[in-house]
Amino acid sequence: MRDGAATDARETLKQLTSAIERHLGSDLLGLYLFGSLPVGAFYPGKSDLDLMAIVAAEVEEGQQLDALKSLHDAFVLEWPAWVERVEVTYMDRAVLRTLGDRPSGRIAVINPGEPLHIRDVGFDSTLDWQSVSTQGETILGPPPLELGPKVSAPAYRHAVEALLREWPSRVRAPWVAYVPAHQGYVVMTLCRALYALATGEQTTKEEAAAWAAAKYPEWSSFINEARAKYRADVHDSHHALISFTDHAVAEADGLIR
């Protein structure tokens with residue numbers, strides 16, 4: 001087991017890349033890093049590793065999916081600080097080609113809060129591919145636009161608009177009230193969407209939040225508080241809760257006797 005909290009993200013990325021490459025072999029056509037790390041906005045202990053793997057054929061339910069699940073399970077056992085901080089999309093070229101217009105097909109995805117699973121591709125993948133092709137890094141394979149389409153400005157804007165329309169119902173889910181970090185994530189995501197619609201460009205969550213706080217001064221305090229919630233290390237309060245629980249149970253044992 002490795003102490004991932006003290007491990008450089010690049011070293012962790014190297015180990016994850018090696019595991020994926022060994023597993024997929026020649027079926028791995030390209031592997032691309034996107035998100036905060038390649039643009040210099042990585043926040044130690046909080047930010048995710050975001051990868052898109054382009055594969056020769058769709059990952060199927062059953063043995064193929066189970067084998068990939070085992071790969072990711074073994075990885076977080078080795079690097080426990082990266083539990084819930086690895087996002088990988090496994091997408092075949094047929095699905096990739098649809099991202100320039102209307103996403104269509106099935107992909108395999110692992111992301112925080114969800115184990116590796118297969119689902120329909122959505123407009124979130126369009127935004128991810130846009131990030132890959134404009135701000136990402138090629139880890140393995142050719143430059144991304146040699147494998148997949150360029151996302152046009154209208155297609156990018158349509159994807160942002162489509163995802164925005166989903167948030168009013170998502171944010172009303174009862175469990176959201178109990179998860180401050182997720183509330184912060186929602187605010188940061190909405191700020192990025194507003195920035196994208198206003199400028200036609202992508203930016204980091206931090207820069208989008210700063211832009212939105214300046215543009216909407218009546219919301220600036222709320223946005224800054226939400227950013228603090230999003231960036232807070234949730235493990236500190238969890239470890240304190242674990243310690244107090246152990247203490248309370250030990251004290252209870254003494255009282256019971």
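Guide: Gladly; let's take the pair formed by helix α7 (residues 180-199) and helix α9 (residues 220-231), which pack at an angle of about 125° with their axes 7 Å apart. This is a predicted model, in which local features need pLDDT of at least 70 and side-chain atom pairs count only at pLDDT 80 or more, while totals for chains, interfaces and linings use all residues. Residues are numbered from 1 along each chain as its sequence is written, and side-chain values use heavy atoms, with hydrogens and water left out. Helices (H or I, at least four residues) and strands (E, at least two) are DSSP runs numbered from the N terminus. The axes are lines fitted to C-alpha atoms, for helices over the stretch in contact, and the angles run from 0 to 180 degrees between N-to-C directions.

α7 and α9 are therefore oblique to each other; angles under 35 degrees count as roughly parallel, over 145 as roughly antiparallel, 65 to 115 as roughly perpendicular and the rest as oblique. Their crossing is left-handed, a term for a near helix turned anticlockwise from the far one by less than a right angle, with clockwise giving right-handed. On the α7 side, the contact (heavy atoms within 4.5 Å) is made by Pro180, Ala181, Gln183, Gly184, Tyr185, Val187, Met188 and Cys191. α9 answers with Phe222, Ile223, Ala226, Arg227, Lys229 and Tyr230. Sorted by class, the α7 and α9 contact holds 10 nonpolar, two polar and two charged residues. Here Ala, Val, Leu, Ile, Met, Phe, Trp, Tyr, Cys and Pro count as nonpolar, Asp, Glu, Lys and Arg as charged, and the others, Gly among them, as polar.

Another pair to set beside this one is helix α4 (residues 123-135) with helix α5 (residues 153-164), packed at about 135° with their axes 9 Å apart. That angle makes α4 oblique to α5, and the crossing of α4 and α5 is left-handed. α4 contributes Phe123, Asp124, Thr126, Leu127 and Gln130, and α5 contributes Ala155, Tyr156, His158, Ala159, Val160, Ala162 and Leu163. The α4 and α5 contact has eight nonpolar, three polar and one charged residues.

Phe123 sits in helix α4 and is buried, at 18% relative accessible area; buried means under 20%, exposed over 50% and partly exposed in between, with a 1.4 Å probe and protein chains only. Its C-alpha atom is 5.1 Å from that of Ala159, 36 residues apart along the chain. Leaving out residues up to four places away in sequence, Phe123 touches Asp101, Arg102, Pro103, His158, Ala159, Ala162 and Leu163.

α1 passes α2 in a right-handed crossing. Thr12, Gln15, Leu16, Ala19, Ile20 and His23 of α1 meet Ala67, Leu68, Leu71, His72 and Phe75 of α2, a set of seven nonpolar, four polar and no charged residues.

Gln63, found in helix α2, counts as exposed at 71% relative accessibility. Glu84 lies in the loop between α2 and β3 and has a positive phi of about 65° although it is not a glycine. Glu84 is partly exposed, at 46% relative accessible area.
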